[in-house]
Every structure is written in structure tokens, then in C-alpha cells.
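Please look at the sequence and the three-dimensional structure shown here, and keep both in view while you read.

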Amino acid sequence: MLSIKNLHVSINGKEILRGINLEVKPGEVHAIMGPNGTGKSTLASVIAGRDIYTIDEGDVLFKGKNLLEMPIEDRASEGIFLGFQYPVEIPGVSITNFMRTAVNEQRKYHGLDPIPANEFLAKMEEKKQMLEITAKLANRSVNEGFSGGEKKKNEIFQMAMLEPSLAILDETDSGLDIDALKIVANGVNKLRRPDNAFVVITHYQRLLDYIVPDIVHVLFDGRIVRSGGKELAFELEEKGYEWIKASLV
Amino acid sequence: MEKDPNNILEEVTQGDYKYGFYTDIEMDTAPVGLTEDTVRFISAKKNEPEWLLQYRLDAYHKWLEMTEPTWAHLLHPPISYQDIIFYAAPKKKKELSSLDEVDPELIATFNKLGISLEEQKKLSGVAVDAVIDSVSVKTTFSETLEKQGIIFCSFSEAVQKVPDLVKQYLGTVVPSDDNYFAALNSAVFSDGSFCYIPKGVRCPIELSTYFRINAANTGQFERTLIIGDENSYVSYMEGCTAPMRDENQLHAAIVEIVALKEAEVKYSTVQNWYPGNKKGEGGIYNFVTKRGICKGNNSKISWTQVETGSAITWKYPSVVLMGDNSVGEFYSVAVTNNYQQADTGSKMIHLGRNTKSTIISKGISAGFSNNSYRGLVKMTKRAENSRNFSQCDSLLLGDKCGAHTFPYIKTENKTSIVEHEATTSKISDDQLFYCNQRGISTESAIGLIVNGYAREVLKQLPMEFAVEAQKLLSISLEGSVG
């Protein structure tokens, strides 16, 4: 589904990713771990299409299409979803309106008519129930005045609404209490299907108690230095990132 | 049943002129330029009583002594008043036989606004059988209004029908020498609307609904007078959300509102005149004086405006809060794009005790435009325990445009409270990225963000216009980023 080959990325002349290789297949959950400042969020942003980065080298293919030549919104419509580490506030825009616009723009991309209003509202209700979100989201402005936990839950809610084939969750677990963490993890588990995939970026192993990854990667200094099964996460938790650093010298 | 469209049109046209004072006027046009004779010519054409002619002449002489104001944050070449035709008899627009003859760009905008085909034809001057529907609806409305004693007609019609009411209130809110453009309007005003709501009557329909159907060509010097008698209510909407391609360069309108004891008048306007092209050529100069007076105790006047058109906007809808406990409100969204310039805001003059006013102004600038808020809040000595809250927000799109705020606050008593909040913000790259990442194109994202930003004001608009106004905001900003 996603195929990254020898990806080199820099910002303002400073190299951040130094040759990333990553293959994600349908049905898989990948976890990317690593210390702060090693390029985890950069990788997520580059896949989504943020244009502040310079791609120096490499290819990113998504369902066989060259992702790097695609506008951000087309990547989203092709099925890429990014759960933001710091979701922005959009004052005055209700979540209902925001989601309806997003759903309809994606439908337009695929040549479909806008979703009928009643169908849309039913879908919102269904996803809320599935995720066990009790708060009245619909009329609140996007992320405005949300607590950290509410923002992250809202990201998961949007993911459920948009039904992406590849969801990248960028430190969605940071700043969450255990209940919010469970809701987020639960959401991911419920949305897992044989035809979609997740890349979960996290600093801590904690989230992986609830979302069980198929493959764990350790990102360090712009490279994936180690990949393995879920045991790798435990090992990392136990020995710390210093262990990776030491083993690289 | 088939009717010959031509006959129907004739019927409709005659229907509009049934009050007779138009009938002897053919396609007359005043000579170019402005002299006392021009003023006399206009008054005579409208068969006006002597006092109104004198009112116009008096204003004309005052105007001669005045000079064009230069304090606004606006730049434009000098207006050559002697090159303007100040009166043209109600012109029949060139009739088109189908929408194919209408400017495709205009049609595209109609479609984006979701305006029905029949209405599109009407607005762009295409002969249609659908007029029948409009006429019947219009008649129903007129009957409903008449039953309640509501007078709602063109200004010229009111001069003939209810001259005493016109005489009693004309110029009492905006004196003819109030300012340069008010004096000009008072001398040469073309036509406009007159509205009187009798004591204790709550106008049963939004007059906006009526307007949409009746969209009249009122000419470039519009004059409107609205009177809410004691304990009455009316919601009035001027203008049309459809783009009006008016070729007149200079517009100078006056709107006067009088609210007597316990009356409430809500006035909404959506102004979308031709803003000029992308290079800043052409477009309307819009110099408007709008003012209401809360004359009686416990009365309320509320202005809501959405300004997206005109090359130059100079406009400060104001409320004089004379009655005790009276309330004045001003809600505004002003959008400027390309080379548009707007200097707009409000004045709240507190004279009565315990009076309250609110100003919510949302400026949005894009392209190379300039958008200024200018407002005055004055608490006089008598206006004890009065309150004002002003909030002036500016949103910038791009880095070539300007947003300015000029608040003036004067308080002459110690018990009143005046609050002023102002913010300036930009649509951030983070917001756009967030929207894009959900599949929303940049253009739609800007529309979404701008509408969210203006929501507080848009929700004040009558329902049926709010939706169109939202689309209008997005359309006005198309191509402003990226």
C-alpha cells in the first residue's frame, strides 16, 4: 500500500530524514518509535504532503501512485489520513460543517454526489457511538476550547468518518490520560480491517499495550535503525533509547 | 394555459407604474452636471410638492459650500461631479431573450450562489413567464401588509401618498448638511424605499422576502426612510445577494431609521456591487450615510451588514440612542479583495440613560486591498449607566493587504462603561494544512475559515439570506490565495 524508498528530506538545508525505507501492506499496523527530534513527525508530514520540507531524494508510492507529486487534498482523498499531534483550532466552524465539507470534497474527487444531509448525520451518530464518544461534538467549533484529550478523540472521530485506507497517527497518545488513551486505542482497533493500515507514531510503549502492532520500527537520527515484532517495543521500553544509541556506535 | 410572454411583461411594467406620476415621464435624462436647474428638473419630473423642492435646493446650496471629506483611509482620483448625469428616468434595461445573452461570468456566480434559473433570468433582465409567480407572491404580500396598516412603497410613491409622514421625518436623522455626500443625496436623490409600521404592529413578514422578489432599480442616489411607530417591529433587508452589475460609478445613499417608544427595527444589508476588475479598474464608489435614531424609551435599532462589493466603501451605519434604555447594535462583515478599499464602521451616540450598544466588526482583507474599521462611541453627560461593547477583528489573507482600526471613544460621564476589543489574525498555514489533509481544497478551506470567522455576524441575517451570504463570502475571496 505504502512504499517508501531511500527518502531523504531536509528543511532549510538541514537534513532530517536520511534514507528512510518502509513498506506498509493492507491489514498491518506499524509502530514507529524513537526519541524526540529524530524525524518521526517529519516523516508523517511528508507523507501527508506538508510543503515546508524539501525532498532531496527518494520515492514514496501509495497504491502504486507517486505520492510526492500529488497535492495534499488529493492524497487525503486517495485515502491518507494524518492524526495530528497538535490539531489546530478553526474558530466558528462546527465539526459537522467541517466534516461534511471534507466528506463531500473527497466524494467529489471520486466523482460522487454530495452525501445527503440525513445520511451524513446518521453516519456521525453511528461513529460517535462506535467510538463511545459521549460529548456533544457536532455544534462545537473544530478544536476550539477543546482539552488535549478532546482534541485527540476528535482526530479519531474524523478518522472514523473519513474511513482512510492508511491512517498515520502522530503521537496521538501524548498528553492523554488513561481513559482517553483507551478511547483512542479502542477506535483504532475497531477500525482495523484487512484492507486498511495504520502507522502509529509514538514516543512511549504505553499506547502499544492497547494497540498491538505487527511491526515496530525504531527511528533514530533520520534513519530506521531497527525493525522487529512487538517485542522490540518492550525491549525498547526496558532498555531505553540509550540502548539503541549505544548499539549504533 | 398559455400566455404570450410579451403581454405579461407589459402588464407587469404597467403594474409598476400604476401610481401615475411616472407615466408622463418617458426616457428623459437630465443634462450632464449639477446645477440648480438639475435639482429643479429632478423635482419636477417626480411631480414633487414645493416643500420638497425647497428641501432639495437648500441641500444643493449647502453642498456647494462644502468640500469632499478627506479623512477616510481611502485613495481615489477626484470625482468629477460635473461629468455625472444626476437623473435618468427609470430606464428599461435592454431586454434579453435568453440567458445565453448574459455574461457567462455572471451566470457562473449565480450558479455558485444557488440562485434558481427563473430568478437568474429576472435578475439579469431576461424576459420570463416566471414573472407571473413573482407578481402573485408580491400581491399577496402587499395585501398582508396593507391589512395591518403598514406602508411599504417606493420613496417617490410615499411622497405622493403620505406626504405628511415624509415631511415629518425626512432629514430628521440625517440632516441635509450632515456631510458632503448626504448633502449631495438630499439635493438629487433618485428613489428608494419608504416604510412605516403603525403603533403596536409587528410586521408579519421579513421585508427581505418581499425585496428579493421586488428587486427594484432605485438609481444611484438612493433614499430610504423607515419609521417604526410605538411598540412596533420590523425586519428590513436592503439589497440583494446576487451580483448587481451597475454601471454608475458614484453611489451616495441615505438611509434614515426612526424608532419610537418600544419599537424595534432590524436592518440588514448585503452589498455586492461591482468591485472593479482584478487590476483595480472600474467599480462603484459607494459613499453612504446610514443612521437610525432610537427616539423613544426602550427602543432598539440593529444594523447588520455584509459588504463584499464596490471599489470604495465609505459607510458608518450609526445609532443615536436618545430614549432611555434604548439599544443600538451594529454587526458587520466587510470583505475587500484585489484593489478594493473599505472604510467602514459605526457610531453609537448615547444620549439617554441606561442605553446599551454593541459593535461587532469583522474585516477580511485579501489581495492588495485596504480594509479599515472606523468607529465612534460617545457617552454624553446625560447618558448615565450606559454601556458599549465593541469588538473589531481583522483577518488578513496574504501579505499585500492592509487592515486598520480607528476607534474613537468619548465619555462625558463617570457611570458608563465602554469596552473595546480588537484582534488581527491571519489564516495560518497550519489551518490550511489541516483542512487540506482532510481532503478540503485550499479554496474551500478559505471559504470555510472565513465563514467561521464571520459566523457571529452572519447569524444575525434573516435565514434565507444567511446561506447566500456565506457563499458570497467564499466567492468574493476566490483566487485570493495560492
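This is a predicted model: local features need pLDDT of at least 70, side-chain atom pairs count only at pLDDT 80 or more; totals for chains, interfaces and linings use all residues.

Residues are numbered from 1 along each chain as its sequence is written, chains are lettered from A and ligands numbered from 1 in the order in which they are written, and side-chain values use heavy atoms, with hydrogens and water left out.

Strand β9 (residues 166-170) and strand β10 (residues 197-202), both of chain A, pair in the parallel sense over five bridges, where two strands count as paired if DSSP finds at least two bridges between them. Strands here are DSSP runs of E with at least two residues, helices are runs of H or I with at least four residues, and both are numbered from the N terminus. β9 and β10 belong to an open sheet of six strands in chain A, with the order β6-β9-β10-β3-β11-β12 and mixed pairing. At its edges stand β6 (80-83) and β12 (223-228) of chain A, each with a single partner strand, so one side of each is left without a neighbour in the sheet. Neighbouring strands of this sheet are turned by 20 degrees against each other on average, direction ignored; axes are lines fitted to C-alpha atoms, for helices over the stretch in contact, and angles run from 0 to 180 degrees between N-to-C directions.

Two helices can be followed against this sheet. Helix α7 (residues 231-239) of chain A packs on the sheet and touches β3 (29-33), β11 (215-220) and β12 of chain A, contact meaning heavy atoms within 4.5 Å. The direction of α7 makes about 45 degrees with that of β11(A). Helix α8 (residues 241-248) of chain A lies across β3, β10, β11 and β12 of chain A, and runs at about 110 degrees to β12(A).

How many residues lie between β11(A) and β12(A) in the hairpin that they form? There are two residues between them, and A:Asp221 in the turn has a positive phi of about 55 degrees. β11(A) and β12(A) run antiparallel and are joined by five bridges, and A:Phe220 has A:Arg223 in β12(A) as its bridge partner.

Chain A also holds an open sheet of four strands with antiparallel pairing, in the order β2-β1-β4-β5. The edge strands of this sheet are β2 (14-24) and β5 (65-66) of chain A, each of which pairs on one side only. Strand β4 (residues 54-62) of chain A runs antiparallel to β5(A) and is joined to it by two bridges, with A:Asn66 in β5(A) as the bridge partner of A:Leu61. Helix α1 (residues 40-48) of chain A packs on the sheet, where it touches β1 (2-11), β2 and β4 of chain A, and its direction makes about 110 degrees with that of β1(A).

Taken as a whole, chain A has eight helices and 12 strands. The radius of gyration of chain A, taken over C-alpha atoms, is 18 Å, close to the 18 Å that the globule rule (2.2 Å times the number of residues to the power 0.38) gives for 249 residues, so chain A is as compact as a globular protein of that length.

On a 1 Å grid over the protein atoms alone, a cavity is a set of points where a 1.4 Å probe fits but cannot get out, a pocket is an open set with protein on both sides within 12 Å along at least five of seven lines, and lining residues have an atom within 4 Å of a point. A search of the whole structure finds two cavities of 30 Å³ or more, and about 80 Å³ of space lies in the largest cavity. Its lining has 15 residues, of which B:Ser361, B:Gly363, B:Asn371, B:Ser372 and B:Tyr373 lie nearest the centre of the cavity. The second largest cavity holds about 30 Å³ of space, and β12(B) gives the most to its lining, with three residues.

The second largest pocket has a volume of about 1,100 Å³, a volume being the space filled by probe spheres set on grid points that are joined across faces, edges and corners. This pocket is lined by 33 residues, and nearest its centre lie A:Asn97, B:Asn451, B:Gln470, B:Lys471 and B:Ser474.
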